[in-house]
Amino acid sequence: MSDSNQEIEAKFYVTDLEKIETRLQKLGAVLLHPRILERNIRFDLPDASLRSERRVLRLRRDAEVRLTYKDPSRNEQGVLSRREIEFTVEDFEKAKQFLEALGYQPIFYYEKYRTVYGLQTSKVPVHVMLDQLPYGNFVEIEGETLEFIQAASNTLDLKWDTAIGKSYNALFERLCATRPNLDPTHLTFAALNGLNIRAEELFVRAADS
């Protein structure tokens with residue numbers, strides 16, 4: 001995220017996450033955060049006003065505990081842009097209790113494994129996130145502008161026209177629409193254990209093939 005609290009990122013579905021990581025290493029990318037399991041809870045008010053207004057209130061635990069608010073996103077050529085306000089808190093459970101005391105309710109639980117690299121493309125730094133989700137593998141590229149992100153995707157041989165202008169939550173909603181036995185509030189490894197999820201079920205195309 002930029003210093004202006006503006007989140008600008010592009011997301012790509014990939015078939016071989018290890019190959020992308022190997023390419024990053026050959027390009028001299030710096031490992032910023034080793035692979036770690038993220039646990040997230042998304043909150044809303046009882047009237048679902050945040051969701052209806054496409055705003056996000058999230059509590060995340062990985063190496064730290066962070067509370068995040070996001071404005072509605074804008075989609076430009078598959079790149080999502082929106083204001084993001086994020087800060088660390090000391091205690092995950094107390095932060096959850098704090099939000100619930102204010103009237104917010106957990107509405108969505110989701111997990112992913114994430115590895116973060118810093119990559120210089122044409123002397124412009126971007127962050128590259130390698131994400132393993134219960135329904136597939138993805139690469140997220142975050143930078144200051146659409147042009148910087150596109151340059152990084154070209155460097156990584158990711159097809160720009162496959163960029164996904166949807167959140168992980170929205171992709172899961174697509175999947176749940178075709179698999180009614182899934183719990184739409186739990187995008188976790190335990191909930192999807194043993195399932196073979198095809199790209200077609202998420203309505204995405206692989207950027208690395």
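K112 is buried, with a relative accessible area of 2%, where buried means under 20% relative accessible area, exposed over 50% and partly exposed in between (1.4 Å probe, protein chains only). This is a predicted model, in which local features need pLDDT of at least 70, side-chain atom pairs count only at pLDDT 80 or more, and totals for chains, interfaces and linings use all residues. Residues are numbered from 1 along each chain as its sequence is written, and side-chain values use heavy atoms, with hydrogens and water left out.

You will find K112 in strand 7; helices (H or I, at least four residues) and strands (E, at least two) are DSSP runs, numbered from the N terminus. Which residues surround K112? Setting aside residues up to four places away in sequence, K112 touches I36, L37, E38, N40, R60, D131, Q132, L133, Y168 and F189, contact meaning heavy atoms within 4.5 Å.

Another buried residue is N169, with a relative accessible area of 9%. N169 belongs to helix 5 (residues 168–178). Beyond its neighbours within four places in sequence, N169 is in contact with R42, R51 and F108. The C-alpha atoms of N169 and V56 are separated by 11 Å, although these residues are 113 residues apart along the chain.

**Pockets**

Rolling a probe the size of a water molecule over the atoms shows where empty space is left. Here a pocket is an open set of points on a 1 Å grid over the protein atoms alone, where a 1.4 Å probe fits, with protein on both sides within 12 Å along at least five of seven lines; lining residues have an atom within 4 Å of a point. Grid points are joined across faces, edges and corners, and a volume is the space filled by probe spheres set on the points.

| Pocket | Volume |
|---|---|
| Largest pocket | about 1200 Å³ |
| Second largest pocket | about 150 Å³ |

The largest pocket has 42 lining residues, and E7, E9, R58, R60 and K70 lie nearest its centre. Strand 2 (residues 30–44) gives the largest share of this lining, six residues. The lining of the largest pocket has 13 nonpolar, seven polar and 22 charged residues; Ala, Val, Leu, Ile, Met, Phe, Trp, Tyr, Cys and Pro count as nonpolar, Asp, Glu, Lys and Arg as charged, and the others, Gly among them, as polar.

Around the second largest pocket lie L17, E18, E21, R35, Y113, R114, T115, L130, Q132 and N137. At least two residues of this lining come from each of helix 1 (17–26), strand 7 (105–121) and strand 8 (124–133).

**Cores and helix 4**

A nonpolar core is a set of buried Ala, Val, Leu, Ile, Met, Phe, Trp, Tyr and Cys residues joined through side-chain atoms within 4.5 Å. The largest nonpolar core has 24 residues, of which F12, L24, V128, L130, V139, I141 and L158 touch the most other members. Strand 1 gives the most to this core, with four residues. Not counting residues up to four places away in sequence, V128 touches L24, T115, V116, Y117, L119, V139, E140 and L156. A second, separate core of 20 residues includes L192, I197, V204 and A206.

In helix 4, the buried residues are L146, I149, A152 and S153. These residues lie on the same side of helix 4 because they cover an arc of only 125 degrees around the axis, taken from the directions from the helix axis to the C-beta atoms. Their cover includes strand 1, strand 5 (74–76), strand 6 (79–89), strand 7, strand 8 and strand 9. After helix 4 comes D157, with a positive phi near 60 degrees.
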